[in-house]
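Reader: I'm new to this one. Can we go through a few parts of it?
Author: Fine. Here it is.

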Amino acid sequence: MENSEGVKIESTVVTEEPLISALDIALFVVIITVAYFWYFKRDKQSSSSEKKPYTIQPSSLSSIEQTSNSSFIKKLKSTGRSLVVFYGSQTGTAEEFAGRIAKEGARYKMKGMVADPEECDMADLVEMKEIQKSLAIFCIATYGEGDPTDNAMDFYEWLQNGDADLEGLNYAVFGLGNKTYEHYNEIAIYIDQRLEELGATRVHEIGLGDDDANIEDDFVSWKEKLWESVCSHYGIEETGEESNIRQYKLVDCSEVLPERIFSGEISRLKSYENQRFPFDVKNPYLSKIAVNRELHKSGDRSCMHIEFDIDGSKMRYDTGDHVAVYPKNSSELVDKIGELLNADLDAVFSLLNTDEESSKKHPFPCPCTYRTALTYYLDITSNPRTHIMKELIEYASDPKDQEKLKLMASSTPEGKKEFHEWILRDNRNIVHILEDLPSVKSDLDHLCELLPRLQCRYYSISSSPKVYPKSIHITAVLVNYTTPTNRVNKGVATNLLAQLIPTNDELPQPTIPIYIRRSQFRLPPKSQTPIIMIGPGTGLAPFRGFIQERDYARKEGREIGEMVLYFGCRKKDEDFIYENELQEYVASGTLTKLHLAFSRDQPEKKYVTHLLEQNADELWNIIGEKSGHLYVCGDARSMAKDVHSIIVKVVMEKGQMTNSQALNYVKKMEQQKRYSADVWS
């Protein structure tokens, strides 16, 4: 019917031949529509750029941290600034250091701004020379196995692949690293050298901060000498002004509707009520705890096996990946802060950046209550840095408390010694400081501005998606320890996880926000490739996933290579985790050899490193003669270093190489991803 009618109409058109055809009319309508929308959009953009009404609204990090214009040069010029401090940060420390440098610039008549390289067009560095007495400072952390942080990746690649002429750019670099890792401050060192290669002028030598020692001390010492170099380079003098300038101003939000107030979401308001894929660092998935069981058989320590339910989330992971867990502070500590400062923790507030040009409008999701900020957004359990001591001075009514804070905030040898002993050695957090200096009654909003952001915790995934596609497993030791002041400090994440026990009834199951972080810790592409895994304690976690994956392949009928596991713990009858599983894999043939070291089951300590030295022939057979892969997971400070030394020694002796040749051989293994480490300090 419709087809025949269409034919009839077609026939009529042919015979009558009107002046305007249906096609002409359609084209005319399209042209008019496009013209209308083009004009309307242009008009709307024009009016919005001319008029930006000031309103206080709850906003998420995703919108907070987006810049309206990626040109930092335009911002510098339009606001009369000459100093820009870029940060490459994974945990927030580099960003904090960048803010402190930018703030101090005012003392040297250099108005500064902090910038995230991910949000900037870094090619604009070539235009820095157009700004008189300009300076770019880079606070850059090295992450993982010598990798740039996520937000510095594009900048790093731009430096690698580009050949911009940076003559006229004045710069300085401070690196944040950890000496227990092989690639200590590798990214900062590269950026410092590469900027010079491209023609930029180094105003002050690179600073290398070591988080394994005292990175705060490293930063403060470098910063002092930096300003001396800046004064010399530009012929300027310090103004001497030491006033504590607030970066954020307090806004009373008591009239804001409850549905517009953040209650712990990382980014998007009500994101935990309305979950949206994809899930990432700013949009975690609220996962149910499916399993939470104790792995230790006895003793006063605890190790938990926890399974996160990801069924229906569309989340995917690979064996060897990490899962990030978003913790929250204990209500006991939060209440204590409210009590010590005589504050109403349920008051709704917002902190608004006093710098209207800053892309970061709030330090955390606002508006919210003080209770929410202290519970979900602020780190109240770590050791505060010296700048917090300095900012607290004005709130101390007791002269003795004032003098103590002044001393710890100073850069004198006596001040550094006092800070190291009273804060770091005695392991005091902000709650302990307020308890032990009772005259310090800080404004709570100022304290919220000063404290760093509470960071998510990363755990190696101890399962294979081939076997457990709908869940993610982790293996976590409960952290509890007594400080020199006889206080009990508790791990923020592990103590929260210990409380999340699933029930067997119809009550709502406990949940926690998570997301998956990709890793380079991977099984060989070919299942036939032999591997050696070295993972004492919870270092076993990723290898449990490796073994599961190879076992899955074996059951499918595929050939699998040798799998040798070195595992160690204190006592066989106490903390031999996953013992039955491992023994079953040995019995089935999936796990070729299981080397065990129980350090306290005999008079002399016995560790996995001792077993490695005893099995030099087996090591060389797999990594040398069969080109197998070697994996290490666990403590970076001692175990991983000792393993590396043993491997080099084995290569020397069994491969008949000199020390230099053996080091090069191991280095090549690392470059080929045949020697991989997933370690922590």
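Reader: Leaving aside its neighbours within four places in sequence, which residues is Asn615 in contact with?
Author: Tyr566 and His595, once the neighbours within four places in sequence are set aside. Bear in mind that this is a predicted model.

Reader: Which side chain does the side chain of Asn615 make a polar contact with?
Author: That of Tyr566, at 3.2 Å.

Reader: And where does Asn615 lie?
Author: In the loop between helix H20 (608-614) and helix H21 (616-625).

Reader: Other helices now. At what angle do the axes of H12 and H13 cross?
Author: At roughly 105°, and the axes come within 6 Å. H12 covers residues 399-409 and H13 covers residues 413-425. The two helices are therefore roughly perpendicular to each other.

Reader: Which residues make the contact?
Author: H12 supplies Lys404, Leu407 and Met408. From H13 come Glu414, Gly415, Glu418, Phe419, Trp422 and Ile423. By class, that is five nonpolar, one polar and three charged residues.

Reader: Switching to strands. In what order do the six strands of the open sheet come?
Author: S14-S11-S18-S9-S10-S15, with antiparallel pairing.

Reader: Which strands stand at the edges?
Author: S14 (457-460) and S15 (471-477). Each has a single partner strand, so one side of each is left without a neighbour in the sheet. From one strand to the next, the twist averages 40°.

Reader: How many bridges join S11 to S14?
Author: Four, with S11 spanning residues 322-325. Val323, for instance, has Tyr459 in S14 as its bridge partner.

Technical notes. Residues are numbered from 1 along each chain as its sequence is written. This is a predicted model: local features need pLDDT of at least 70, side-chain atom pairs count only at pLDDT 80 or more; totals for chains, interfaces and linings use all residues. Side-chain values use heavy atoms; hydrogens and water are left out. Two strands pair if DSSP finds at least two bridges between them. Axes are lines fitted to C-alpha atoms, for helices over the stretch in contact, and angles run from 0 to 180 degrees between N-to-C directions. Angles under 35 degrees count as roughly parallel, over 145 as roughly antiparallel, 65 to 115 as roughly perpendicular and the rest as oblique. Contact means heavy atoms within 4.5 Å. Ala, Val, Leu, Ile, Met, Phe, Trp, Tyr, Cys and Pro count as nonpolar, Asp, Glu, Lys and Arg as charged, and the others, Gly among them, as polar. A polar contact is a pair of N or O atoms within 3.5 Å; within protein, one must be able to donate a hydrogen and the other to accept it, and residues adjacent in sequence count only if both atoms are side-chain atoms.
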